[in-house]
Amino acid sequence: MRTTTGWRATGPTALRRTPLERRDLRPDDIAVQVDYCGVCHTDLHALHAYDPHAEAPLVPGHEFTGVVTRTGPEVTAFSVGDQVAVGNIVDSCGVCAMCEAGQENFCHYSPTLTYGGTDRQDGSTTLGGYAREYVVRDAFAYALPSGLDPAATAPLMCAGVTVWEPLRSLGVGPGSRVAVAGLGGLGHLAVKMAVALGATTTVISRTHEKRDDALKLGAHDLIASTDAEQMAGARDTFDVIIDTISAPHDLAPYLKLVAMDGTLSLVGHLGPISVEAMDLLVGRKKLSSAGSGGRPATAEMLQFCADNNIGADIEVLPSSQVETALDRLGRNDVRYRFVLDMSDLD
């Protein structure tokens, strides 16, 4: 086994710096020195649900960038010193219909998650990127394209690909009318990507407070969801709405904004929902969802971001301030993503 240092959960939002074990490299593994790791709402949810008496430890972190420090004997795509990025999926069955279609995120036998997952070979629980080293199959690591800032790229590996998938699968491009509901970690990247794809892009927020921020990100307009006149004026307007709102909310007002044959795609709140069929019937509107991305889409997203100078808007903190980051994230006190600098674990 290999030993590294990381941040292990001891309770809700509480973590302790501790030695961690990584597996010895398998033939198709690479060892990655983790330099920057994003802080995701998923980390917060996992910590809140964690039982400190559980047999398996919890080490969060599933969007990170770093440098290859060692390769297994069968690895040909990477060499020591290469910069790489890793997202929230580190393995899949590789043989089901979804995996064969390049949608490993929908693996019929469940993808192996970067943390809290079950290793497909030895059954151990995966430990995440809040650590100085991660060992991963080479097929689930991605070369960092030239020009991308490693710190600002880390959130692309979860938040970025989560919004990229519906934008691409729904055919967003020049002439598309796109709205992004919610302007947070996912939403601000959805705006940047939709604009770069050529879409006329609008932000939907509770108030007009974030209008200047939306315009700086490239949005063409902002609609306040509490402004009844604005909402009524935007009825049947958008071909695609990317709904990044993380809290439970009524979908009816947003469906009213979807144009005929358009789609409302949920990527924020993934819990139970209630929808009136008439809200879909009138206008043949569609309701969909998306989550993470397969290997081809993830690689495509990274190259698109490099080509269009897209990175997350981030606040970088030393990893020793991880609890501060989690506390502030829980209060939505970040614009728009925290990233941990893991170098203080040396």
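What percentage of the 346 residues of the protein count as buried? In this predicted model, the share is 53% of the 346 residues. Along its principal axes the C-alpha trace spans about 60 × 40 × 35 Å, and the accessible surface comes to about 14,800 Å², of which carbon and sulfur atoms contribute 49%.

Within this outline the chain forms 11 helices and 17 strands.

The charged side chains come next. The protein carries 28 positive and 43 negative side chains, and the centres of these two sets lie 2 Å apart. Side chains of opposite charge can pair when their charged atoms come close, and a search of the whole structure finds 24 salt bridges.

One of these joins arginine 26 to aspartate 122, with an N to O distance of 3.2 Å. Because arginine 26 lies in the loop between strand 2 (14-22) and strand 3 (29-39), while aspartate 122 lies in the loop between strand 7 (112-113) and strand 8 (133-137), the pair ties together parts that are 96 residues apart in sequence. The two partners fall into separate accessibility classes: arginine 26 counts as buried because its relative accessibility is 16%, under the 20% limit, whereas aspartate 122, at 47%, counts as partly exposed.

A second salt bridge runs between aspartate 35 and arginine 132, whose closest N and O atoms are 3.0 Å apart. Aspartate 35 lies in strand 3 and arginine 132 in the loop between strand 7 and strand 8, so this pair ties together parts that are 97 residues apart in sequence. Here both aspartate 35 and arginine 132 are buried.

A further salt bridge connects arginine 337 with glutamate 63, again with the closest N and O atoms 3.0 Å apart. This pair links distant parts of the chain, since arginine 337 belongs to strand 17 (residues 337-341) and glutamate 63 to the loop between helix 1 (41-49) and strand 4 (64-71), 274 residues apart. Arginine 337 is buried, with a relative accessible area of 5%, and glutamate 63 is buried as well, with a value of 0%. Elsewhere, salt bridges that share partners join Arg23, Arg26, Asp29, Asp119 and Asp122 into one network.

Technical notes:
Residues numbered from 1 in each chain as written. Predicted model: local features only at pLDDT ≥ 70, side-chain atom pairs only at ≥ 80, totals over all residues. Heavy atoms only, no water. Helix = DSSP H or I, 4+ residues; strand = E, 2+ residues; numbered from the N terminus. Buried < 20%, exposed > 50% of the residue type's maximum accessible area, 1.4 Å probe, protein only. Areas by Shrake-Rupley, 256 points an atom, 1.4 Å probe, with all protein chains shown as cover. Lys, Arg positive; Asp, Glu negative; His and termini not counted. Charge placed at Lys NZ, Arg CZ, Asp CG, Glu CD. Salt bridge = Lys/Arg side-chain N within 4 Å of Asp/Glu carboxyl O.
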